[in-house]
Amino acid sequence: MDQYTLNLLVVGASFALYIGIAIWARASTTAEFYTAGRGVHPVLNGMATAADWMSAASFISLAGLIAAVGYGNSSFLMGWTGGYVLLALLLAPYLRKFGKYTVPQFIGDRFYSQKARMVAVVSLIVISVTYVIGQMTGAGVAFSRFLEVESSTGLYIASAVVFIYAVLGGMKGITYTQVAQYIVLITAYTIPAVFISLQLTGNPIPGLGLFSTHTESGLPLLTKLDQIVRELGFAQYTTLNTSMFNMFLFTLSLMIGTAGLPHVIIRFFTVPKVSDARWSAGWALVFIALLYLSAPAVGAMARLNIIATIYPQGTQSEAVLYEERPDWMRNWEVTGLLKFEDKNGDGRIQFYNDKNDAFAATATERGWAGNEFSYNNDILVLANPEIAQLPGWVIALIAAGGLAAALSTAAGLLLAISSAISHDVIKDYLNPNISEKGELLAARISMAGAIALATYLGLNPPGFAAQTVALAFGLAAATIFPALMMGIFSKRINAMGATLGMLTGLLLTCAYLFTYLGVFFIPGTNMLDNVAANYIFGIPPASFGPIGALANFAVAYLVSNATEEPPAHIQELVESIRVPKGAGGATGH
Amino acid sequence: MADKSSSNAYWAANIRIITISMVIWFVASFGLGILLRPMLSGIAVGGTDLGFWFAQQGSILVFLGLIFFYAWKMNKVDAEHGVDE
């Protein structure tokens, strides 16, 4: 059976499974549509949360990001997992006790203010829409590479599948498809990782293999990697090559941002009890860690493998002849994600760091006229099974896994967007008298609208798609996270304080990002060049989240203390969300 | 709901457990993984040092331990203060 048929079969089977689940898990009430009827087992919710959270970025890009920089990009590992500690200890149990449907609803009720709620809705929509663009384009890329269809056709197929289970099943359909998607994606990620770890170190567990001995050279794997990247003029893998301050702030920014992402928070509304919300956060991190503990090993080993492919006799010997390059390089050259240009005309692929002045003399001595080989970081995961010469079905699994990661996150984001529109805006703002049936219909229509918007943005991705991720994390950290935390941990923060705090976080973060990245990221509209010398106190735009959060906390605290205390019934509300007792009653079933 | 004084004691106990957990959270990631790495560079772990291991593996394992510890501990505290479900 050829690779194409195999890909088609595996991806087709996974899609059939998702649609089957959708038909089985239809939502018939708004409680089911928004929170899966609050009947999801904490372990299953943990699995669904892991799929919800691990996007195309985690599945496809994470290992490549770490491989490119080495130790410095450990920020992604610590940041994207450490946020779950904040979620589990500071937010999830109390929001589950509150027992409503959306994040803006908590903010509106706790701060007894429609204005606060609408600021939260705006933040939520900006965060989730910017986030969903990446998922849709990721799905399109996976389709075009593995199924050889136009990426727009791929996008339509992906949207149609999400449409079926998200519109029919709401949170209930999404939850159970996410469980299936998690199993697909973790299998797809782990199998090649285990084989590659075995090939290089003899250790079947990639996270342990990373710190084991490289069988071929007899050196520790990381020592070997450090040595060969240095021999090609690249920065050493295990050392910090940026500043400690940057790494610290960026890690913090990712952690707080993660804890403030609405599509992750609402997953904890689906479990039956407060204690389940606590356990469920732990299970979510177990399932996330299965991928995140392997990712740095996948990255380091793939980088080692790529260099070994190009310098089969070692980095001190001649590079491989272009005509003799392996098949996986030929396959990926077609996609443009891997490029070769013979600058010195010797027919060999010289791969080294030509930006390193200290290395220039060595390069000239060896007759090199510039780096001839470049690759997109994403192929480290996508081409991994081919690089390690694994069988065709593993390659097909990677295709299904990448699609599962993109679709599961897209569905979670779409639910966060549509529930904010149908519940926060339509039900509680525009038309409070809407019937249960009417609201369910509104929720389905909002979902369909959100899918149409996401598809449109996926087809016409704004040129700034990559930079908007900084906006999503920055806003989540600067608006949603502080508002939720203060709502739970302080009885003194009032409507005025919370609203002005969130507005400060929102505007300050946008202003800082737009200054360096352009107004609404339109190229050429930035006031200052995006270089370190221009940053205020050296803070890069992608690390601004904690500063925005701090501003939010400070404004909310000062304004609240200068104005009236919240009314007694709000203080009682805070008392009641702090204790688990009575969570079952609040769900109304 | 439980009476006021018991619920205050419950909240104080919760805050104490959260504070201890957050200190461990900070030390395992920002501390051992980033800030203290140069100080601990003498401790070799598989071709590199302890700080690198904490940044890429150890911190995640500590986070896992913390969340499960918190869930287990709070279940006990809930029951002691009569505010469990």
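Predicted model: local features only at pLDDT ≥ 70, side-chain atom pairs only at ≥ 80, totals over all residues.
Let's start where the two chains meet: 37 residues of chain B are in contact with 44 residues of chain A. Which helices of chain B each supply at least two residues of the side that touches chain A? They are helix 1 (4–35) and helix 2 of chain B. Helix 2 of chain B gives the largest share of that side, with 17 residues. If you sort the side of chain B that touches chain A by class, you find 23 nonpolar, 11 polar and 3 charged residues.

The model as a whole scores ipTM 0.95 and pTM 0.94. Chain B averages a pLDDT of 93, and 94% of the residues score at least 70. Where in chain B is confidence lowest, and where is it highest? The lowest mean, 92, belongs to strand 1 (residues 44–45) of chain B, while the highest, 97, belongs to helix 2 (residues 50–80) of chain B.

Now turn to chain A. Chain A is divided into two parts: domain 1 (3–301 + 389–463) and domain 2 (309–376). Notice that domain 1 is written as two stretches of the chain, 3–301 and 389–463. Taken over C-alpha atoms, the centres of domain 1 and domain 2 of chain A are separated by 35 Å. How many residues bring these domains into contact? On the domain 1 side there are 6, and they are in contact with 8 residues of domain 2 of chain A. By class, the side of domain 1 of chain A that touches domain 2 has 3 nonpolar, 1 polar and 2 charged residues.

Finally, follow a pair of helices in chain A. Two packed helices are described by the angle between their axes and the distance between the axes. Helix 10 (residues 221–231) and helix 14 (residues 295–310) of chain A pack at an angle of about 50°, and their axes are 10 Å apart. That angle makes helix 10 of chain A oblique to helix 14 of chain A. Helix 10 of chain A passes helix 14 of chain A in a left-handed crossing. From helix 10 of chain A come A:Leu221, A:Leu222, A:Lys224, A:Leu225 and A:Ile228, which meet A:Ala300, A:Arg303, A:Leu304 and A:Ile307 in helix 14 of chain A. The residues of this contact divide into 7 nonpolar, no polar and 2 charged.

Key:
Residues numbered from 1 in each chain as written. Chains lettered and ligands numbered in written order. Domains from an automatic or database assignment. Contact = placed C-beta atoms within 7 Å. Nonpolar A, V, L, I, M, F, W, Y, C, P; charged D, E, K, R; others polar. Axes fitted to C-alpha atoms, helices over the stretch in contact; angles between N-to-C directions. Helix = DSSP H or I, 4+ residues; strand = E, 2+ residues; numbered from the N terminus. Parallel < 35°, antiparallel > 145°, perpendicular 65-115°, else oblique. Left-handed = near helix turned anticlockwise from the far one by under 90°. pLDDT = per-residue confidence, 0-100.
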